[in-house]
Amino acid sequence: MFTVNSSETEISTFFLIGIPGMEHAHIWVSIPICFMYLIAILGNCTILFFIKTEPSLHEPMYYFLSMLALSDLGLSLSSLPTMLRIFLFNAPGISPDACFAQEFFIHGFSAMESSVLLIMSFDRFIAICNPLRYTSILTSARVTKIGLAFSFKNVLLILPFPLTLKHLRYCKKTLLSHSYCLHQDVMKLACSDNKVNVIYGLFVAVTGTLDLGFIFMSYMMILKAVLSIASQKQRLKVLNTCVSHICAVLIFYVPIFSLTVIYRFAKHSSPIVRIFMADVFLLVPPLMNPIVYCVKSQQIRNMVLGKLCQKHS
């Protein structure tokens, strides 16, 4: 600890939380958590490996899928250290600087995932509504520029989070509400004015809502184009190309909105419910996205099965 002035001592350690009242069972809870992390990391690495090594997957749709896999991988690796420390080693303490770094990466990769889902909805819109110009519009160079532009935008968007948190004073409360650090959670511990954090946090939340709004608009235009197709069989075939992306959008946004509703309208609900939903938000998208795309993408599925058959033969 170090002194700020004669009456206040600034804390040097925050404390994360596992599952309240179940500390004795943390070691058992760590087993499914470790399994989910392992599957998520292996799944996303598998997606990246096939997209990099298979020329047939060097298409805009799969380039965007690789961005989604990188975002999921980053999200998993950002929360992994503290989750393992809490559930495996019963070590909930974390230094403020490490906490600020973790919340930057968690929010950064979450924002990137939201952006990638938006980009993928535009990809589906162009592929369905303007298929003849698809490859000329989404060239490899343009896809790279889009990915870099959104990455740069998200870094600039999230960078003020740790910088503003670092300028706050923390002198009384030390207990956080989750197994990892989040901006809205950390700023509540401050004993100095955090209005800037509240306002900027709201602004970032609005940008995420705008992403979802644009995704919705893209699908309204896609639906309009699909309904103009005379053949019902062709309609279903076209819509089937969007199923994986729709699943990814639901997997990402449903836990976020569920957590928001719980905090807004169920303030007196069990802390276990809030902690469970927060963990679902971080664990489920990286786990489920590779599974969804491997099941729904025939090219990737065939390649995975082919590799497995080679090993067994």
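This is a predicted model: local features need pLDDT of at least 70, side-chain atom pairs count only at pLDDT 80 or more; totals for chains, interfaces and linings use all residues.
Reader: How many disulfides does the structure hold, and what pattern do they follow?
Author: The structure holds two disulfides. One joins C99 to C181, and another joins C171 to C191. With bonded cysteines counted along the chain, the pattern is 1-3, 2-4.

Reader: What is the handedness of the disulfide between C99 and C181?
Author: The sulfur atoms of C99 and C181 are 2.0 Å apart. The torsion about their S-S bond is about -120 degrees, and therefore the disulfide is left-handed.

Reader: How many residues apart in sequence are the parts that the pair C99 and C181 ties together?
Author: C99 belongs to helix 3 (residues 96-129), whereas C181 sits in the loop between helix 6 (160-166) and helix 7 (183-186). Both C99 and C181 are buried. Because of where the two cysteines lie, the pair ties together parts whose separation in sequence is 82 residues.

Reader: Which parts does the disulfide of C171 and C191 tie together, and how many residues apart are they in sequence?
Author: The S to S distance in the disulfide of C171 and C191 is 2.0 Å. C171 lies in the loop between helix 6 and helix 7, and C191 lies in the loop between helix 7 and helix 8 (195-227). The pair therefore links parts that are apart in sequence by 20 residues.

Reader: Are C171 and C191 buried, partly exposed or exposed?
Author: C171 has a relative accessible area of 17%, which is under the 20% limit, so C171 is buried. C191 has a relative accessible area of 27%, which lies between the limits of 20% and 50%. C191 therefore counts as partly exposed.

Reader: Which cysteine has the nearest sulfur to that of C34, and which to that of C294?
Author: C34 is in no disulfide, and the nearest cysteine sulfur is 16 Å away. At 29% relative accessibility, C34 is partly exposed. C294 is in no disulfide either, with the nearest cysteine sulfur 12 Å away. For C34 the nearest sulfur is that of C45, and for C294 it is that of C45.

Reader: What is the volume of the largest cavity?
Author: The count of cavities of 30 Å³ or more comes to one. The largest cavity has a volume of about 40 Å³.

Reader: Which helix supplies the largest share of the lining of the largest cavity?
Author: The lining includes N44, L65, D72 and Y293. By class, it has six nonpolar, two polar and one charged residues. Helix 1 (26-53), helix 2 (60-89) and helix 11 (271-296) each supply at least two lining residues. The largest share, four residues, comes from helix 2.

Reader: Is N154 buried or exposed, and which residues does N154 touch?
Author: N154 is placed in helix 5 (residues 140-158). Its relative accessible area is 3%, so N154 is buried. Not counting residues up to four places away in sequence, N154 touches A111, M112 and S115.

Technical notes: Residues are numbered from 1 along each chain as its sequence is written. Side-chain values use heavy atoms; hydrogens and water are left out. A disulfide is a pair of cysteine sulfur atoms within 2.5 Å. Buried means under 20% relative accessible area, exposed over 50%, partly exposed in between (1.4 Å probe, protein chains only). On a 1 Å grid over the protein atoms alone, a cavity is a set of points where a 1.4 Å probe fits but cannot get out, and a pocket is an open set with protein on both sides within 12 Å along at least five of seven lines; lining residues have an atom within 4 Å of a point. Grid points are joined across faces, edges and corners, and a volume is the space filled by probe spheres set on the points. Ala, Val, Leu, Ile, Met, Phe, Trp, Tyr, Cys and Pro count as nonpolar, Asp, Glu, Lys and Arg as charged, and the others, Gly among them, as polar. Contact means heavy atoms within 4.5 Å.
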